[in-house]
Amino acid sequence: MRVLVALWLMAAAVPLAAQKVAPVNTGRADRVFVGGRVWTGEPGKPLAEALAVRGSTLLKVGSTSEIRGLAGKGTDVVDLRGRFVTPGFIDAHLHLLGGGLSLEELRLDDASDFATVAARIGAWAKTHPEARWVTGEGWSYAAFPGGLPSRAQLDALVPDRPAYLSSYDGHTGWANSAALRLAEVTRSTTNPAGGEIVKDAAGEPTGVLKESAQQLVERLLPKKLPHENERALRRAIAQAAAWGLTGVHQAGISEEDLESLARALEATPQLRVYVALQMERDPTPEALARQDELRRRFATPRLRVGAVKGFLDGVVEGHTAAMFEPYPGGGTGLPRFTQEELDRTVAAYDKAGWQVMLHAIGDRAIDMALTAFERAARANGTSGRRHRVEHLEVPRTLDLPRFKAAGVIASTQAMFPYPNANHLEVYVPALGKERARRALAFKATDDAGAIQAFGSDWPVFTAEVVRGIATAVTRTTFEGSPAGGWEPTERLSVEAALRHFTRDAAYAEHAEQERGTLREGRAADFVVLSQDLLSLPPERIKDTKVLLTVLGGQDSFRAPGF
Ligand SMILES: [Zn+2]
């Protein structure tokens, strides 16, 4: 159906183009790309040299001489000069609006010590005197002695107006005294359900707000206007194309932001976006009907609504990921559903034909998610919904085979094992030895036969795919530490990492018949890289540059000079 539509559009477009831009194309291909090293992602035929494109699809994948035979007068011939080509990258979990905004806002990523954090906040406050609030995100727990910041530190940097900064994972907020005053958070304020106002020994709020307690301040932040959001989305789309992405999965979005996204994609048609709406707890028939309406409205290969996403737990660093065994110091995290509530909710969406994506990080939350998926399929007599566990950070080893058995997708993030100070000094100790050994177990997940789709969770980590591949393959920082990698038995081959960012991510959005590998009839979505990832020493993968991104046969990004 989609192929027919594309051919019809092309048939209409070609004579017009031919009238305007001579010469007439006498070949069968509109564009050919020759003289490269092509990783197709196709199991029986992984390597080729050249591609022929007709309209928006691949006409043929083969040797340079075969493909040259399809070119005629008027065919655009691109010499790849030995460059490496892969299917277009697909990021299976990110947040486009947050990512776009992160390109413009105060960011504290890579600020690994308090001096750097302080310098960045101070500089931003100074250069933005007009901002009513100082806001930003990206701080890591390891930058603060004891793993958490304080309002006194922020008061010293921003004494004149409210300031509020989110942690890199979005689960913890850091407010100054002015922000707490506006939010009326005092020593007598009680914790909201599913959150914590951290207090010191004297009972005073420290400025740290965990999980749902962040809302106390966040609801006061100046709201972005729709045109500001749309501008950020357009920036995010262009940036994604520059990172070699042809597709992304938007992990949860409000209806209002979905409208902004649709407008942004119309103005900047450089990306395919698969969208998850927000999962409602025990959805009413009216809620399901409204979401179904959106699914019918946004159903093109460029913008497609097909999933709902919900949160089962929090994060490891905040001790809010739901675990079977306690954290050091006590507590097992906060599951946000009972099993019964979750079973009902998942079954309702499953029955209505939705793919359900559940954020589940702790072993207990992961077990709950799998149980709800298994029960929904049984209760409804459904199969092939490809429900997904998002993040899947600390699974029990015995739960891994359940993914294959129930056809559940393991949606993991390639840079989550990035072993920086935050990871080694806060994340790993919060887990303890036994759990750390089974955390972020990419190889064990593959070995259990699961379909594993890679994403970034941008803006939590960058969505620069070559950096994700480098991390999954080496499990070291880009400076090469620790030597040999953190939990090195879970390192992946380059092919496996590529597969998770292409074919498996396409599978995770029910699109593997159209995209994700390079073969005749598939979408002409591919990326040209500066180096051959398959023959490179792993420590050099991170230096790879994207030279060209092709989406549906058209360039969506071209590096200067290529
Ligand atoms: Zn996310």
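Entry 1: I started at R107, whose bridge partner in β10 is E137. I noted that this is a predicted model, where local features need pLDDT of at least 70, side-chain atom pairs count only at pLDDT 80 or more, and totals for chains, interfaces and linings use all residues. Residues are numbered from 1 along each chain as its sequence is written, and side-chain values use heavy atoms, with hydrogens and water left out.

I then looked at how β9 sits against β10 (residues 134-139): two bridges join them, and they run parallel. Strands here are DSSP runs of E, at least two residues, and helices are runs of H or I, at least four, numbered from the N terminus. Two strands pair if DSSP finds at least two bridges between them. The open sheet has six strands in the order β9-β10-β11-β12-β14-β13, with mixed pairing. β9 (106-107) and β13 (195-199) are at the edges with a single partner strand each, so one side of each has no neighbour in the sheet.

**Entry 2: two helices.** Next I checked α11 (residues 339-351) against α12 (residues 363-380): their axes come within 8 Å and cross at roughly 50°. That makes α11 oblique to α12. Oblique is what remains once angles under 35 degrees count as roughly parallel, over 145 as roughly antiparallel and 65 to 115 as roughly perpendicular. The axes are lines fitted to C-alpha atoms, for helices over the stretch in contact, with angles from 0 to 180 degrees between N-to-C directions.

I listed who meets whom (contact means heavy atoms within 4.5 Å): L342, V346 and K351 are among the α11 residues, and M368, F373 and N380 are among those of α12.

**Entry 3: a glutamine.** I looked up Q291 in helix α10 (residues 285-297). Q291 is buried, at 3% relative accessible area; buried means under 20%, exposed over 50%, and partly exposed in between, with a 1.4 Å probe and protein chains only. Leaving aside residues up to four places away in sequence, Q291 touches L277, Q278, E280, V308, Y349 and W354.

Entry 4: Most residues other than glycine have a negative phi, and most peptide bonds are trans. I found H319 with a positive phi of about 55°, in the loop between β17 (303-311) and α11. H319 is partly exposed, at 29% relative accessibility. L440 also has a positive phi, near 50°, but L440 is buried at 2%.

I noted a cis peptide bond from W458 to P459, with omega near 10°. The bond from S481 to P482 is cis too, with omega near -10°.
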